[in-house]
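Please read this briefing alongside the sequence and the 3D structure shown below.

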Amino acid sequence: MYDVIIIGAGVTGSAVARELSRYKLNVCVLDKEEDVCCGTSKANSAIVHAGFDAAAGSLMARFNVRGNEMMDDISRDLDVPFKRNGAMVVCINESEKDGLQELYDRGIANGVKGMQILTREEALEKEPNLSENVVAALYAPTSGIICPFILNIAMAENANANGVEFFFNTEVEAITPAVCGRSGDPIWKLRTNNGEYKAKYVVNAAGVYADVFHNMVSADKIHITPRRGDYCLLDKSAGNHVSHTIFPQPTKFGKGVLVAPTVHGNLIVGPTAVDIEDREGNNTTVAGIGDLIAKAGDHVRNLPIRQVITSFAGLRAHEDGHEFIIGEVKDAPHFIDCAGMESPGLASSPAVGEYVGAMLREKMGLEEKEEWIGTRKGILNPANLSIEERNELIKKEPAYGRIICRCEMITEGEIIDAIHRPLGARSLDGIKRRTRAGMGRCQAGFCSPRSMEIINRELGIAMEKITKLGGDSKMVLERTKGGAQ
């Protein structure tokens, strides 16, 4: 039996897992996918929001601002690419300028630092490619951009290195409280496709499925709507078109279609906002991409939208009240919700982990581990070394001299590291999220066969069983030439 079971290995569940790994606890994470970072955490805007958009006094505001404050230390300690590039909310209609003041006032109430309302001239000086219609802009210097994959993976790896177990391809099917244990506390039973798990506490960090699990245990129901957002990712040749994250003024459906650089040098445009019923409906649509392209150039001129190298869609867990639900469920003792984690969920995740960790420390009387490891080193990137250092590395480890992904210049050594490190990659997407092999212009057209050969060699997984992203997403069906090749 576990002290704590966390449902969901996204960025929120992994943040909670890392915090709980500080203590003398028996903790595990269950996820229905084949890897961490397979839901909302893998398909979002990659923005660390400043915190001026959320309603004053809300949990969204509280955790957003605190999470933003924590991100410098988190990125340093866990070796996560992060940059405070600042954000600008652009007003293109004179009649809507008062909306910027409302955002500014809200940001001040939320504790956001350094904000300014810029004139047209000041905005264009910071961003020459803003729309010619710009009349003013709200500037928030604390906003940042991050690699959402590596943030999620890094927190999970660090938790795992400190003793937290992760069970993948393990889908929770039912949750029922069992008879109270000797202490009088409830013992939760979780039925999964891989057997039964028991725990004293359950943390529900299941993204778009969080309401499903909450409603299994509580009479006070909640409802989450999957809100699909389409994105376009532009080539690195377009990465300098803007240097800040450019937002339109927000609407009731969210922050609107943004244009932003990424920490890896691309340009991202999106998202749309379409409420759907399918909790797995992360497919792009012609209508969605068309709507995205139509809106993309409203606030940024000469946007090189034809330089798209891929499009994708993600799902946000939109709670009916547009608010995070975080805390112990009133009529389900020892069941902790982390639900409704839509934007700014990514920015808020370290603070949510901190909060839940402190809550359980107090409730359970936890003791900290003396040997807790708070740092993690990412995959070595030879491109960051000097020529002399790189040559010395290749002499010792020749795999770092063999380029597998030519678009992103990823070596065999990096892919081997991605496979064998804690919670290592088992699929092509797992390799891609950890190394960027397959994220370049050709979108894995050339490197996939080589990556598959490395997975086959290093893990002994038959070529016919290697998947793109787990499940039935197999890359090949059968061998040809009588099985000889």
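Predicted model: local features only at pLDDT ≥ 70, side-chain atom pairs only at ≥ 80, totals over all residues.

Residues are numbered from 1 along each chain as its sequence is written, and side-chain values use heavy atoms, with hydrogens and water left out. Helices (H or I, at least four residues) and strands (E, at least two) are DSSP runs numbered from the N terminus.

**Strand β13**

- Eleven of the eleven residues of β13 (residues 224-234) are buried, so the strand is largely enclosed by the rest of the structure; buried means under 20% relative accessible area, exposed over 50% and partly exposed in between, with a 1.4 Å probe and protein chains only.
- In a regular strand the side chains alternate between the two faces of the sheet.
- From β13, Ile-224, Pro-226, Arg-228, Asp-230, Cys-232 and Leu-234 point one way, and Thr-225, Arg-227, Gly-229, Tyr-231 and Leu-233 point the other way.
- β13 pairs with β18 (residues 308-319) in the antiparallel sense over eleven bridges, and Ile-224 stands opposite Glu-319 in β18; two strands pair if DSSP finds at least two bridges between them.
- Three bridges link β13 to β16 (residues 267-270), again antiparallel, with Leu-234 opposite Leu-267.
- β13 also runs antiparallel to β17 (residues 274-275), joined by two bridges, and Arg-227 faces Asp-275 there.

**Open sheet of three strands**

- The strand order is β3-β8-β4, and the pairing is antiparallel.
- β3 (47-48) and β4 (82-83) are the edge strands, each pairing on one side only.
- β3 and β8 (residues 144-146) are joined by two bridges, and Val-48 has Gly-144 as its bridge partner in β8.

**Helix α2 and its packing**

- α2 (residues 59-78) packs on α5 (residues 148-161) at about 65 degrees, with the axes 10 Å apart; axes are lines fitted to C-alpha atoms, for helices over the stretch in contact, and angles run from 0 to 180 degrees between N-to-C directions.
- That angle makes α2 roughly perpendicular to α5, a term that covers 65 to 115 degrees.
- Met-71, Ile-74 and Leu-78 of α2 meet Leu-151, Ala-154, Met-155 and Asn-158 of α5; contact means heavy atoms within 4.5 Å.
- The residues of this contact divide into six nonpolar, one polar and no charged, where Ala, Val, Leu, Ile, Met, Phe, Trp, Tyr, Cys and Pro count as nonpolar, Asp, Glu, Lys and Arg as charged, and the others, Gly among them, as polar.
- α2 packs on α8 (residues 345-364) at about 95 degrees, with the axes 6 Å apart, so these two helices are also roughly perpendicular.
- Residues in the contact of α2 with α8 include Met-60, Phe-63 and Arg-66 of α2 and Leu-346, Glu-354 and Tyr-355 of α8.
- That contact divides into eleven nonpolar, four polar and three charged residues.

**Helix α11**

- Seven of the eight residues of α11 (residues 428-435) are buried, so the helix is largely enclosed by the rest of the structure.
- Among the buried residues are Asp-429, Arg-433 and Arg-434.
- The buried residues pack against α5, β22 (410-411), α10 (412-420) and α12.
- Arg-436 follows α11 and has a positive phi, near 75 degrees.

**Arg-479**

- Arg-479 lies in the segment after α12 (448-459).
- Its relative accessibility is 38%, so Arg-479 counts as partly exposed.
- Arg-479 and Arg-402 are 77 residues apart along the chain, and their C-alpha atoms are separated by 27 Å.

Notes:
Parallel < 35°, antiparallel > 145°, perpendicular 65-115°, else oblique.
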